[in-house]
Amino acid sequence: MGRTIAKIVGVAGYVPEYRLTNAELETMVDTNDEWIRTRTGIVERRILKDKTKASSDMGAEAVKQLLKKTGTAPDEVDLLICATATPDMLFPDTANVIRDKVGITSGFGFEISAACSGFLYALTTGARFVEGGLKKVIVVGADKMSSIVDYTDRSTCIIFGDAAAAVMLEPTDDGLGIIDSVLESDGSGRHLLYQKAGGSLHPATHETVENKEHFIYQEGRAVFKYAINGMVGSIKQVLERNGLSKEDIHWLVPHQANKRIIDGVANMFDFPKEKVMVNIQKYGNTTTATIPLCLWEWEDKLHKGDNLILTAFGGGFTWGATFLKWGY
Ligand code: COA
């Protein structure tokens, strides 16, 4: 028997119905379908139109589906971790709102904030709790990005979409689980990608609203370079320390920020296109949901024992890579 690690035993996702197409964006800002497709790879994104619903509602939908799919009763869940950049409120945390909405009263929950790397950070954290003895841990990424996007800013409004997706972790000693993660961060990049106001530094005032400081600010070109370098560096470390070559990897699961970034990372390792999960054309950048949404969509194509490398980069900066063996 090997050491106890955390296995992914199920995955589920939720995307809102409304499709915000490039054609519709053309009517909102000075942009065009061709520019968006060639510069980002995005064709449409989903938007949660219902103003009474938040990230937790999408997270709860994904978690309900996950419980059903894995035959888990709500009160069997020991821990629920929610990664999000768009919490329902600054507090209480979104994990506990989701737990309440799906009827989980056992165990505990907390939120992780690491922008687009949030899911990787939360997955790694959840895995450690499983290694420490918990039996059922849910990791959910949920982001209503449309709540912090300025739909008059063409450089950001074309990128983001709303979604949630979740995985269930359980202990295993068969080696088919989360084997290794490299997580990295550098706070000196915080001025290149952030939401300025709404926290303790710049609480909401008429001025912060007038100055549009509650929206995402991004210096795209600068972030682009950091994103590729960060993910490539983390993947290299994970491959090296696990004695893996690119031929050993069945699937690369990159955060979906920009198709050109994904291609740039894949090309550095010569990963063939058919081994790289890409669905950015349908959903845009859904921040913490991109990676589990890919796993959800590719679930039928995955085989027990497949080697997966997950990688992400996000505001902070935060970035990393995880090596796991698919468990079913
Ligand atoms: N439609 C048409 N033109 C646009 C546009 C749009 N939606 N958005 C920007 N432009 C223009 C710019 O104004 C600029 O014009 P100029 O040369 O006259 O000044 C030109 O296109 C190029 O802008 P630039 O910002 O250099 O474009 P880019 O190729 O870098 O693409 C991003 C912009 C945001 C798509 C890209 O930089 C990106 O994806 N960055 C990283 C995102 C990321 O990884 N984030 C971290 C994780 S969330």
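Predicted model: local features only at pLDDT ≥ 70, side-chain atom pairs only at ≥ 80, totals over all residues.

Reader: In what order do the four strands of the open sheet lie?
Author: Strands (E, at least two residues) and helices (H or I, at least four) are DSSP runs, numbered from the N terminus; two strands pair if DSSP finds at least two bridges between them. Here the order is β8-β13-β12-β11, with mixed pairing. β8 (178-185) and β11 (251-254) are the edge strands, each pairing on one side only.

Reader: In which sense do β8 and β13 pair?
Author: They pair in the antiparallel sense, over seven bridges. Within this pairing, Ser 181 stands opposite Thr 322 in β13.

Reader: How are helices α3 and α4 oriented to each other?
Author: Axes are lines fitted to C-alpha atoms, for helices over the stretch in contact, and angles run from 0 to 180 degrees between N-to-C directions. Angles under 35 degrees count as roughly parallel, over 145 as roughly antiparallel, 65 to 115 as roughly perpendicular and the rest as oblique. Helix α3 (residues 55-69) packs against helix α4 (residues 94-102) at about 55 degrees, their axes 9 Å apart; the two are therefore oblique to each other.

Reader: Which residues of α3 and α4 meet?
Author: Contact means heavy atoms within 4.5 Å. Among them, Ser 56, Ala 60 and Val 63 are on the α3 side, and Val 97 and Ile 98 on the α4 side.

Reader: How is a pair of aromatic rings described?
Author: One gives the distance of the centres and the angle of the planes. Rings of Phe, Tyr and Trp (its six-membered ring) pair if their centres lie within 6.5 Å; planes under 30 degrees apart count as stacked, over 60 as edge-to-face and the rest as tilted. Phe 110 and Phe 129 form a tilted pair, at 6.1 Å centre to centre and 55 degrees between the planes. Phe 110 lies in strand β5 and Phe 129 in helix α5, so the pair ties together parts 19 residues apart in sequence.

Reader: Where is Pro 92 found, and is the peptide bond from Phe 91 to Pro 92 cis or trans?
Author: Pro 92 is found in the loop between β4 (79-83) and α4. The bond is cis, with omega near 0 degrees.

Key. Residues numbered from 1 in each chain as written. Heavy atoms only, no water.
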